[in-house]
Amino acid sequence: MTGSESLTLWRNARICPSGDSTEVISRGAIAVSGEKIVWIGRDDQVPAQFTSAPHREHDLEQAWITPGLVDCHTHLVYAGTRAAEFEQRLEGATYEEIARAGGGINSTVRATRAADEETLLRESARRLESLLAEGVMAVEIKSGYGLCLATERKMLQVARKLGEKCPVDVYTTFLGAHALPPEFAGRPDDYIQVVCDEMLPALSDEGLIDSVDVFCESIGFTVAQSERVYQQAAKLGLPVKMHAEQLTNSGGAHLACRHKALSADHLEHLDEAGVVAMKNAGVVAVLLPGAFYFLRDTKLPPIDLLRKHKVPIALSTDSNPGTSPTTSLLLMLNMACTLFRMTPAEALLGVTRNGAQALGKSDRYGTLEAGRFADFCVWDIDSLAELSYWSGFNPLGIAVRHGAITQTSQRHSERLKLNN
């Protein structure tokens, strides 16, 4: 700690430092110097070097502290809505039928291509603000509503600007292989060639890509086409992800495993062989209960098999206009428990430690320990299960990111003023 850094002691809290609700400091404290945690442990064991030094001190009155939340799969940058398709599905049309008729992803592509960067930034920032209000401190944002170099670039640039403008770390994923654009109708191989030979190299050279994703599905791209994208990503040194086994068991998860993907996401139709492959390859299972709910799906992801083979399970909003128009990660915890029969403890791990692993950023997020950024949430709850229990209620009291307070409830705002 240098003399120019401010010291803050967060005391008298129940702390869950690893996201694992079985590992709790029942009366704990965190010492923060500048942007980093410099000590964490029992409140009655705070080192004298911190208590004797000039510092601010906050008594949290036994509120809970967890790591900052991670939303590891979103499509936040887009224009327009798909409310009309929502009505169509309620009248009996399937997601696949709507997509094949020119709706679905391509309807958002048309709106996003037409929107200027300022409009995209404004609309996307509103969605992101809702996530931040619930304690999200790291978020992945995919492209994939451009399907041409200019608009894919525009989306990724907006995502980068969101990370500069808002108190959150944004990780960008290139999803050019999201759908077949209308100008390539009937020519998927030609489009994949453009993705591999033009889009990926250009956007990678511009520093706009942190990882690469593919929609490997009956209405997306084949395993062979997806592998071409993966091969190009490997040449560029970029990690990969996979939209896999959402609508059919297409073999996408096995491809993801062969290429040591960070994660395979959705997975409703994943079989046991795929689960075993994910375990052996260290691929995280990202479950997306918002899409399951919104599409009124009936095929549950294989939770018991994932547990049996000890595959890490992450949760995310999948925030997007067509299949998961949600901006509440806490609601996803509730849905994971009610729809997927996950436990509240599993759900919390899904948006902390396992969510960080799905980003390939376990060294930065998901746990609280000395030397790491002070990114944590203070919750006004009696038990950690309440994070999954409530629906439509936000129990976040304080959000601290890089040592600075970024969100406060009215109650805590008044108390912090008194402490200062």
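Hi everyone, let's start inside the chain, with methionine 342. Leaving aside its neighbours within four places in sequence, methionine 342 is in contact with Leu287, Ile303, Arg307, Ile313, Leu315, Ala336, Cys337 and Ala347. Before going on, please keep in mind that this is a predicted model.

Is methionine 342 buried or exposed? With a relative accessible area of 4%, methionine 342 is buried, because the cut-off for that word is under 20%. For a sense of distance, take glutamate 134, which is 208 residues away from methionine 342 along the chain. The C-alpha atoms of those two residues are separated by 20 Å.

Two of the contacts of methionine 342, Ile313 and Leu315, bring us to a sheet, since strand 13 covers 313–315. That sheet is open and has 4 strands in the order 10-11-12-13, with parallel pairing. Which strands stand at its edges? They are strand 10 (241–244) and strand 13, and each has a single partner strand, so one side of each is left without a neighbour in the sheet. From one strand to the next, the twist averages 30°. Looking at one pair in detail, strand 10 and strand 11 (residues 263–266) are joined in the parallel sense by 4 bridges. Within this pair, lysine 241 has serine 263 in strand 11 as its bridge partner.

Strand 8 (residues 169–177) and strand 9 run parallel and are joined by 3 bridges.

For an antiparallel example, look at strand 2 (residues 25–33) and strand 3 (residues 36–42), which are joined by 6 bridges. Here glycine 28 has arginine 42 in strand 3 as its bridge partner. The hairpin has 2 residues between the strands, and glycine 34 takes a positive phi near 65° there.

Next comes valine 378, which lies in strand 14 (residues 376–379). Valine 378 is buried, with a relative accessible area of 0%. What does valine 378 touch, not counting residues up to four places away in sequence? The list is Leu60, Ala63, Trp64, Ile65, Pro395, Leu396, Gly397, Ile398 and His412. Although valine 378 and proline 67 are 311 residues apart along the chain, their C-alpha atoms are separated by 9.0 Å.

Tyr389, Trp390 and Phe393 make a nonpolar surface patch of about 350 Å². Tryptophan 390 belongs to the loop between helix 16 (386–389) and strand 15 (396–401). At 33% relative accessibility, tryptophan 390 counts as partly exposed.

Notes: Residues numbered from 1 in each chain as written. Predicted model: local features only at pLDDT ≥ 70, side-chain atom pairs only at ≥ 80, totals over all residues. Heavy atoms only, no water. Buried < 20%, exposed > 50% of the residue type's maximum accessible area, 1.4 Å probe, protein only. Contact = heavy atoms within 4.5 Å. Pairing = 2+ DSSP bridges. Axes fitted to C-alpha atoms, helices over the stretch in contact; angles between N-to-C directions. Patch = residues over 30% accessible without salt bridge, like charges linked within 9 Å, V, L, I, M, F, W, Y side chains within 5 Å. Areas by Shrake-Rupley, 256 points an atom, 1.4 Å probe, with all protein chains shown as cover. Salt bridge = Lys/Arg side-chain N within 4 Å of Asp/Glu carboxyl O.
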